[in-house]
Amino acid sequence: MSGDALTTASLTIRLAATTTVVLLLVGTPLAWWLAHTRSRWHRPVNALVTLPLVLPPTVLGFYLLVAFGPEGLVGAVTTRLGIGTLNFTFAGLVVASVLYSLPFTVQPLQAAFSAIGSRPLEVAATLGAGPVDRFFRVALPLARPGVVAAIVLTFAHTVGEFGVVLMIGGNIPGETRVLSVAIYDHVEALEYGQAHWLAAMLLSFSFVALLLVNFSARRRAGAAAAGG
Amino acid sequence: MSPIDARRLARLCVPLLLAALAPGAAAETVRVAVAANFADALERLRPAFERDSGHELRASSASTGTLYAQIRRGAPFDVFLAADRERPERLVDEGFADPSSAFVYARGRLVLWSADSALVDGTPAVLHRATFRHLAVANPKTAPYGAAALDVLRELGLADELAGRLVQGENVAQAWHFVASGNAELAFVALSQVLAQDPDERGSRWLVPESLHRPIEQVAVVLKDAAERPAVRAFAAFLRSPEARRMIAGLGYAVDPAP
């Protein structure tokens, strides 16, 4: 593997890892709220979270390019804060990836939280567990397969991100050039050998990631059968 | 199938078949795969071609690399208007295009462009002052305009100095967009893009002399199996006609004198 490919691969992994951590922090409370709320905002928020699943990435990328720009909503704020604009930066890619991969974190978590139901939490409450305890000691362990699925899917989906990065990245080596964009470039430049190389890597990575999710789901079913 | 059924089927199908074939004899369709940077120009040429020839033109635009890959795998096109010389020549070498049909239909003119009407003064001075944060170029690896832009920076002795400020679009359209959306102050784009704007939205520019970069030769080829079709021949002839050349030149391309 050449130095360029190595830089690209490590940048991609760094982006996916950062995005996954941020999304776990942001997505977990959101998923919890969505799983338990009776608010009338439930449906609109749910639809908003799901939006990146159905939107072409170019739509998101286009809006972000405009919003992050110096005259855009976000750009005006970041410029005033002295951060400059987010386009063409690693931080900008993280923000974009967080939006883009949001449903891949929230949906598995939400499903897992809903599946637990209220009963275990009520039991824990009668035994004197506070809300924080109930979440970390009861809900989270019970939702473990959902958490694993959220982590793996978010990471894998961010690795596979293409359209958004293409729109706002600027293709800067070591800063915004990720694997999927590098593959596209190789194909465009007729360097099919290198394109095959990277594409095969991405393909096997995605396959293994999905396999992991599958195993984790199977284990849960097994554990439930044994326990039930 | 009984003989009666077969006869009925034939009675049903023959008129349909004739109906389907009949209009094809009069007006044909020429299917053109066009490089993204020339898609607009082709749209402007279309009425003249359709009026003069009576044939219909159907254009599909994408990047030259994408179109090349599609043609290699049997995409249904008759003519390929590429943004470079390499890809059409490869198609000829690989037996997918008619060797005698290749010719330079346009040469791209590179400009340094800013949306700010006061930033570029018709010279490269702004590059030497280096008071900007981002200079957008098309991807030099895949886009001829990008490779030409880097040639210019090297000729000016600024390649190393400005390397940290370069951002790449996949093509000139994206480089343009980076500037139009305010994310970059400057871009190397195609003159044709600037001229396609309303006069009050053309910002400021430096028209780069062609001597500062490798020629941006856009080559057309007729694809194999299409060469004999009247509509395709009509289009190839139209593209070389003085009228088409005049229009192409007016849209911001350099055109070689008629052969």
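In chain B, strand 1 (residues 29-35) and strand 3 (residues 79-81) run parallel and are joined by three bridges. Strands here are DSSP E runs of at least two residues, helices are H or I runs of at least four, and both are numbered from the N terminus. The model is predicted: local features need pLDDT of at least 70, side-chain atom pairs count only at pLDDT 80 or more, and totals for chains, interfaces and linings use all residues. Residues are numbered from 1 along each chain as its sequence is written, while chains are lettered from A and ligands numbered from 1 in the order in which they are written.

**The sheet of chain B**
- Val34(B) has Leu81(B), in strand 3 of chain B, as its bridge partner.
- Six strands of chain B form an open sheet in the order 2-1-3-10-4-11, with mixed pairing. Two strands pair if DSSP finds at least two bridges between them.
- Strand 2 (56-62) and strand 11 (253-254) of chain B are the edge strands, each pairing on one side only.

**Helices on the sheet**
- Helix 3 (residues 64-72) of chain B packs on the sheet and touches strand 1, strand 2 and strand 3 of chain B. Contact means C-beta atoms, placed from the backbone, within 7 Å.
- The direction of helix 3 of chain B makes about 135° with that of strand 1 of chain B. Axes are lines fitted to C-alpha atoms, for helices over the stretch in contact, and angles run from 0 to 180 degrees between N-to-C directions.
- Helix 10 (residues 230-240) of chain B also packs on the sheet, at about 45° to the direction of strand 1 of chain B.

**Where the chains meet**
- Chain A gives 17 residues to the contact and chain B gives 14 residues.
- On the side of chain A that touches chain B, helix 10 of chain A gives the largest share, three residues.

Technical notes: Contact = placed C-beta atoms within 7 Å.
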